[in-house]
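Please open the model in a viewer and keep the selection tool at hand. The stops below proceed from overall confidence to individual side chains.

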Amino acid sequence: MLLVNPKATTTNARTRDVLIRALGAAVDLSVEETGYRGHAATLAATAHAKGFDAVAVLGGDGTINEAVNGLLNPVNGRVGSGGGGADERPGLIVIPGGSANVFARGLGLPNDPVQATGAVLEALREGRRRVVGLGQASWGEQSRYFTFCSGMGFDAEVIRAVEGLRGAGFRATPARYVTTMLRHYFMTDRRNPPMTLRGPGIPEVDGVFLAIICNTTPWTYIGDQPVSPTPWASFETGLDLLGLRRLGMAAILRTAQQIVGEPRSLPSGGHLTQLHDEAEFTLTASRPVAFQLDGDYLGEREQVTYRSVPAALQVLL
């Protein structure tokens, strides 16, 4: 089953038609267009329940995240059911069509959808599959998987603002993210850090303004430049975290200098808290803070527990 987001940022109808023809010539293909938020999860869950061998996604990171959650939760799309092991689920085929395509690029796929389709067709012919781990975020009675990152605090506030601009008809370009971040910086509370970090075997850390949780590296891209706050993160290890306990301009600029571009080493500074290869930890906030998964804003939360889910998904690449 191929899931197509017709509103994907970097594709048009002609490109989508070429890709559909190429895939259809190689496999028995069923094509479905997504029509609303959450639709990809429903379609992917249906594909799992019907016994499809693979689910391909032509879209951005948000559509891929929905499809992954559908694949792991085939019973009425109920998040948390798990849906068996990776070898019991359809494989995932990723064809980047969004603005950042962080998951696809983290897997080593070309950022161009036509070139990525060529790589996928080669993987299909040769039967190549890679098993990757995922992250899972839980709040209250709800839970959701993520492929590459989550965030609480300032970064999620920026994503919320950009989503508002997209709703008004503006494109989510790298320049728009940067200008929105700079504008929003002067609007956020930089004096009262709301979050506390706790976890099994982890020393408690108070006074966290911003938490970036990564399942791989990089965390995102600014154009072609990777941004890697957790350069040791990997699909084959547990979760990594970078937390900022100061939001002053000097601290922000120092951290930005260390994480933008090809990763050289772990960022350093007394204002940072870091975790690597952790199975579980919890962020608790004294007030509701913005929350995002894989670049999708999901509202405000006062407590989120993060868990690593090893060897959760097969990807054809």
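**A guided tour**

The protein chain has a mean pLDDT (the predictor's confidence in each residue, from 0 to 100) of 93, and 97% of its residues reach 70 or more. This is a predicted model, in which local features need pLDDT of at least 70 and side-chain atom pairs count only at pLDDT 80 or more, while totals for chains, interfaces and linings use all residues. Residues are numbered from 1 along each chain as its sequence is written, and side-chain values use heavy atoms, with hydrogens and water left out.

Select residues 76-81 to begin. Here pLDDT stays under 50, and the model has 10 contacts (heavy atoms within 4.5 Å) beyond four places in sequence for this segment.

Next, select helix H6, residues 154-167. Helices (H or I, at least four residues) and strands (E, at least two) are DSSP runs, numbered from the N terminus. The expected span of a helix is 1.5 Å times one less than its number of residues; the 14 residues of H6 should therefore span 20 Å, in agreement with the 20 Å between its end C-alpha atoms. Buried residues (under 20% relative accessible area; exposed is over 50%, partly exposed in between; 1.4 Å probe, protein chains only) in H6 are Phe154, Asp155, Ala156, Glu157, Val158, Ile159 and Val162. Show their surroundings: they pack against helix H7 (174-185) and strands E7 (149-152), E10 (210-214), E15 (280-293) and E16 (296-315). Just after H6, glycine 169 adopts a positive phi of about 105°.

Move on to phenylalanine 186, in the loop between H7 and strand E8 (195-199). This residue is exposed, at 59% relative accessible area.

Now display the salt bridges (a side-chain nitrogen of Lys or Arg within 4 Å of a carboxyl oxygen of Asp or Glu), of which the whole structure has 10. Arginine 37 lies in the loop between strand E2 (31-33) and helix H2 (39-49) and aspartate 296 in strand E16, so the pair ties together parts that are 259 residues apart in sequence. Arginine 37 is exposed at 52%, whereas aspartate 296 is buried at 13% relative accessibility.

Finally, select Glu122, Glu126 and Arg128, which are linked in a network of salt bridges. Arginine 128 pairs with glutamate 122 at 3.4 Å between the closest N and O atoms, and with glutamate 126 at 2.6 Å, N to O. Arginine 128 is partly exposed at 29% relative accessibility, as is glutamate 122 at 35%; glutamate 126 is exposed, with a relative accessible area of 53%.
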